[in-house]
Amino acid sequence: MYELSVTRLINATPEKVWQVMTERADEWWCPKPWRAEMDFGTRKPGCATKAVMYGPDGEVNEHPGHLLAWDEGRRFAFTDAIEGDLQPAGPFMIGIFEIAPEGSGTRYTGRARHWTSESMAHHRDMGFDQGWGAVADQLKALCEEG
């Protein structure tokens with residue numbers, strides 16, 4: 001499997017972490033100073049999703065995809081390999097975002113699974129560790145704030 005991942009222990013309940021993950025995604029989804037607009041569609045597997053990321057210099061990156069899993073309170077997953085009405089797209093990854101109780105807090109894990117070792121290496125070279133690490137830290141901070 002060609003997987004990159006990042007994990008954080010968050011000092012908040014799984015219910016709180018799930019609420020922030022799914023209801024406040026625009027606030028943590030991409031590293032600041034970038035910002036995001038997230039649309040999880042109907043939150044049912046098979047629905048279309050869309051992420052739009054806005055850069056500090058006016059950049060706009062649209063990322064359509066499809067929801068693969070929505071396990072309420074536990075995980076969601078999507079892919080960019082399908083767009084619109086089940087149209088194939090050049091696949092890059094499957095994104096999986098999971099939480100699980102751990103001690104008095106919650107373990108968050110973000111995974112990016114790739115079709116090839118080359119696409120995984122490309123994602124790593126793009127700054128996966130820094131980018132997804134910053135996103136995990138932003139999620140953690142939002143969940144732990146008063």
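Reader: Cysteines to begin with. How far is the sulfur of cysteine 30 from the closest cysteine sulfur?
Author: This is a predicted model. In it, the closest cysteine sulfur to that of cysteine 30 sits in cysteine 143, 16 Å away. That is too far for a bond.

Reader: And cysteine 47, which cysteine has the closest sulfur there?
Author: Cysteine 30, at 20 Å. Again too far for a bond, because a disulfide needs the two sulfurs within 2.5 Å.

Reader: How many disulfides in the structure, then?
Author: The count is 0.

Reader: New topic. In what order do the strands of the open sheet run?
Author: The order is S1-S9-S8-S5-S4-S3-S2, 7 strands with antiparallel pairing.

Reader: Which strands stand at the edges?
Author: Strand S1 (2-10) and strand S2 (35-39). Each has a single partner strand, so one side of each has no neighbour in the sheet.

Reader: How many degrees are neighbouring strands turned against each other?
Author: On average 25 degrees, with direction ignored.

Reader: Take me through the pairs. How many bridges between S8 and S9?
Author: 9 bridges, antiparallel, linking S8 (residues 94-102) and S9 (residues 105-114). Within that pairing, phenylalanine 97 has glycine 110 in S9 as its bridge partner.

Reader: What about S3 with S4?
Author: S3 (residues 48-54) and S4 run antiparallel, joined by 7 bridges. Valine 52 bridges to glutamate 62 in S4. The hairpin has 5 residues between the strands, and its glycine 58 has a positive phi near 90 degrees.

Reader: And S4 with S5?
Author: Antiparallel, with 5 bridges. Tryptophan 70 bridges to phenylalanine 76 in S5. This hairpin has 3 residues between its strands. Glycine 73 in the turn takes a positive phi of about 75 degrees.

Reader: Helices next. Which strands does H1 lie across?
Author: S1, S4 (60-71), S5 (75-79), S8 and S9. H1 runs at about 155 degrees to S8.

Reader: And H3, which strands does that one lie across?
Author: H3 (residues 117-125) lies across S1 and S9. The angle to S1 is about 45 degrees.

Reader: What is threonine 22 in contact with?
Author: Leaving aside neighbours within four places in sequence, Phe40, Arg43, Trp70 and Phe76.

Reader: Last topic, the largest nonpolar core. Which members touch the most others?
Author: The core has 36 residues. Those touching the most other members are Met21, Trp28, Trp29, Phe76, Phe97, Tyr108 and Leu139.

Reader: Which helix gives the largest share?
Author: Helix H4 (residues 128-144), with 7 residues.

Reader: What does tryptophan 29 contact?
Author: Beyond four places in sequence, tryptophan 29 is in contact with Ala36, Met38, Phe40, Ala51, Met53, Phe76, Phe78, Phe97 and Val135.

Note on methods. Residues numbered from 1 in each chain as written. Predicted model: local features only at pLDDT ≥ 70, side-chain atom pairs only at ≥ 80, totals over all residues. Heavy atoms only, no water. Core = buried A, V, L, I, M, F, W, Y, C linked by side-chain atoms within 4.5 Å. Buried < 20%, exposed > 50% of the residue type's maximum accessible area, 1.4 Å probe, protein only. Helix = DSSP H or I, 4+ residues; strand = E, 2+ residues; numbered from the N terminus. Contact = heavy atoms within 4.5 Å. Pairing = 2+ DSSP bridges. Axes fitted to C-alpha atoms, helices over the stretch in contact; angles between N-to-C directions.
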